[in-house]
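Trainee: Could we go through this one together, a strand and then some rings?
Mentor: Gladly, here it is.

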Amino acid sequence: MGILLNILYFIAFIVAAMAAGWLFRAIVIAISPRAIAKEMRTAPLTASFGLLMILLYTLVAIFAPWIAPFPETEIVGREFQVWDDVNWLGTDALGRDMLTRMIYGARNTVGIAFATTALAFVLGSILGLLAATVGGWMDQSLSRSVDVLMAIPSLIFSLLLLTIFGTSVLTLIIVIAIIDSTRVFRLARSVSVTIVVMDYIEAAKLRGEGKWHLITREILPNALAPLVAEFGLRFCFVFLAISALSFLGLGIQPPTADWGSMVKENATLITFGDITPLLPAGAIALLTVSVNFVVDWQLHRASGLKE
Amino acid sequence: MSDQFADKEVLLTVKGLKIEGRADESWMQIVNGVDLTLRKGEVLGLIGESGAGKSTVGLAAMGFTRDGCRISGGEILFDGIDLRHASTKTLRDLKGKRIAYVAQSAAASFNPAHKLMDQYCEAPVQHGVMGRAEAESDAVDLYRRMQLPEPESIGFRYPHQVSGGQLQRAMTAMAMSCRPDLIIFDEPTTALDVTTQIEVLAAIRDIVEQFDTAAIYITHDLAVVAQMADRIKVLLKGDEVEEADTRTMLSAPQEDYTKSLWAVRSHTRAEQPPVPKGTTPVVSVRNVTAGYGAVDVLTDVSFDIHQRRTVAVVGESGSGKSTTARVITGLLVPRRGEVLFDGQALPPDYRRRTRDQLRQAQMIYQMADTALNPKLKIRELIGRPAQMYLGLQGKALTERIRQLLDLIELEPDDYIDRLPSELSGGQKQRIGIARALAAEPKFIICDEVTSALDQLVAEGILKLLDKLQTEFDLAYMFITHDLATVKAIADEVVVMKEGKVIEQGPKSEMFQPPHDPYTELLLSSVPEMDPDWLTDLLRDRAAKAG
């Protein structure tokens with residue numbers, strides 16, 4: 001009976017999600033200028049649901065201090081309180097309000113993960129495209145350096161770097177971005193080596209185009225689809241990396257709220273059958289799924305795939 | 001109907017075949033009711049332009065459609081079996097065993113990771129026709145019949161260790177492995193040189209005759225189909241135009257469209273007066289020796305190209321035609337020799353050339369698909385050279401783009417904001433021409449610009465190039481392996497073989513005997529519309545050799 005009920009809940013959730021997606025799409029089409037409305041019409045329900053979720057996360061992250069019922073680090077009660085009218089999602093291991101921590105966590109985790117992934121992509125794609133375009137010694141030296149970086153297990157390497165440079169948010173972002181950019185570099189390079197041998201690149205070179213024009217106007221538009229797809233995936237991995245580092249005490253430092261460490265801190269509750277510690281994990285899952293919905297849609301359009 | 005087959009039993013009947021293709025969320029009919037009857041041992045030629053539905057109909061004869069297509073009407077009966085409603089198992093038993101398929105590019109169709117023999121044996125062993133050992137000895141026999149060199153050992157090579165023509169023959173042998181009743185040949189010689197094409201055509205024809213196999217031969221080359229088919233069916237945009245036996249079809253086509261196909265090789269460039277002595281050529285290639293790594297691809301190549309003249313560079317693949325173009329454009333630095341432009345030596349590396357030197361020499365590529373950036377709009381594709389070299393901006397630039405589109409006979413309002421994927425093959429090639437013109441060059445290299453196009457479309461491109469040459473005093477270097485194109489457009493001909501210039505001179509002289517033996521071979525290998533041409537040619541060559 002319990003399983004049946006759970007299945008029912010699950011179906012209800014999917015239906016509600018799709019309905020929300022549909023409603024969101026209808027509203028966007030109605031209120032936005034024609035160009036955006038035209039784009040939105042091509043969005044499947046999954047993508048518009050994803051967009052809605054990303055929008056909600058963004059709003060929550062931006063307006064966290066106004067939405068959250070309590071300050072981020074204030075101890076408001078006893079530890080591990082159950083859900084009630086004051087603390088909607090109960091309290092954590094130190095007695096801080098769980099909902100508040102979730103809301104601030106959106107700001108910290110999502111912000112840092114996004115900044116890291118974006119930086120990794122800018123760095124990795126530019127270098128990858130450059131290596132493929134210039135070739136020769138440039139390609140060799142960049143590729144071999146990346147090989148060296150990739151030869152060191154990424155978690156151990158980031159632990160090492162963070163211990164050396166300290167654990168501020170900025171170093172965290174830069175360290176993970178550099179380690180992650182090696183993966184992006186490989187992808188960008190392997191995609192563009194097949195593009196640089198095309199006749200239109202030869203034509204552009206013979207025209208006397210500079211490197212920058214070659215990379216941005218001729219190669220990048222053709223390499224974008226796989227890069228966008230990788231972005232969605234990398235974003236999730238960066239979440240995991242930050243959570244793992246937080247677990248080891250080198251990531252986002254307490255008392256800053258972070259979804260990854262929140263799972264760890266409250267893990268003992270799971271043994272009592274309480275789902276509260278899983279909520280931050282759920283928030284991560286929902287966001288990554290949403291991002292990938294949107295990425296799939298864009299990928300579909302960019303690559304001109306048809307069923 | 002040809003009488004010789006009238007009493008044979010009918011193998012394949014296709015009635016009212018309709019096929020739909022999926023485009024932008026809706027189904028569009030691409031074959032509108034084609035009928036087809038094939039008797040045992042008969043060869044039917046399917047011809048038409050690309051997009052006529054030749055391959056689609058050919059594949060449907062096996063009960064197969066490409067992804068995104070579906071058979072929406074009609075019936076396909078193969079030896080009494082309804083292929084449209086047959087179970088997957090029935091179809092699987094038929095395919096490879098009783099119906100076989102030979103694809104256009106054998107190089108792309110063989111699995112590069114397995115030896116030819118392994119791929120040959122797969123079908124007979126899978127279908128239980130014969131055991132592995134038997135299949136291997138059978139393969140050697142067929143390789144011998146296909147006149148492949150070293151038939152005993154060639155099967156143990158990998159596809160990349162065998163030449164293109166040999167691979168195509170190995171593929172035909174593979175299709176014969178189960179002695180099928182029907183083989184579908186989908187443009188099996190289109191990717192080959194004329195001299196290689198003959199060998200493959202002769203081998204295919206022999207083997208089909210020997211085993212009394214019925215075949216559907218798909219091609220866009222009329223002269224080839226004239227050699228191969230007993231009957232010809234002409235298709236246009238998914239409709240049948242007409243069908244008749246080969247001789248009737250060639251001598252007395254009924255429909256206007258068929259007549260236009262027949263007349264297509266008629267364009268010839270007006271004879272130009274000889275260049276006055278002492279004129280400085282636009283481009284002069286002087287004693288160029290060049291190569292990759294340690295190998296010399298070109299040895300001591302010299303020729304001149306004058307203003308308003310077209311020099312056709314002819315030869316098989318691997319003869320160094322494209323390498324010559326790479327030396328002229330500066331992509332390949334020659335070991336010895338130099339390239340003069342208007343009497344001035346060009347820096348050998350394109351990166352050292354001035355912007356103006358780059359502007360003066362433009363290039364049009366063979367594959368317009370890969371020569372145009374698929375993500376850029378026509379506006380930017382054509383506009384970029386004009387913007388770079390001539391400094392045009394804003395309104396002036398748009399005006400220039402529109403002018404160029406007018407020149408290549410495309411309606412500016414319709415096309416200026418399209419992507420290359422929204423154009424047909426011929427239109428893409430026109431954009432390639434416009435991009436070259438946008439730089440206002442003196443000299444254009446045309447690298448096999450028509451070889452990927454249908455004959456009617458190619459004809460249009462040649463006419464356009466001819467018109468532009470007169471209008472802008474252009475010098476052309478025309479790389480081609482197709483001698484019909486040479487006849488149509490060249491003033492002078494340079495014949496190349498193995499990186500050397502074998503013969504050069506005005507067109508009128510080149511097409512008159514006496515020839516160099518290699519030129520002779522090239523000239524005699526161009527298929528003619530006469531259905532007896534191949535038979536006669538093979539007899540002549542055998543007589544000479546014997």
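Mentor: Strands are DSSP runs of E with at least two residues, and helices are runs of H or I with at least four, numbered from the N terminus. This is a predicted model, where local features need pLDDT of at least 70, side-chain atom pairs count only at pLDDT 80 or more, and totals for chains, interfaces and linings use all residues. Side-chain values use heavy atoms, without hydrogens and water; residues are numbered from 1 along each chain, with chains lettered from A and ligands numbered from 1 as written.

Trainee: In S10(B), which residue is the bridge partner of Lys233(B)?

Mentor: Two strands pair if DSSP finds at least two bridges between them. S9(B) and S10 (residues 239-245) run antiparallel over six bridges. On S10(B), Lys233(B) has as its partner Glu243(B).

Trainee: How many residues apart in sequence are the parts that Tyr57(A) and Trp259(A) tie together?

Mentor: Nine aromatic pairs are counted over all chains (ring centres of Phe, Tyr or the six-membered ring of Trp within 6.5 Å; planes under 30 degrees apart are stacked, over 60 edge-to-face, the rest tilted). Tyr57(A) and Trp259(A) form an edge-to-face pair, 5.9 Å centre to centre with 80° between the planes. Tyr57(A) lies in helix H3 and Trp259(A) in helix H11 of chain A, so the separation of the parts they tie together is 202 residues.
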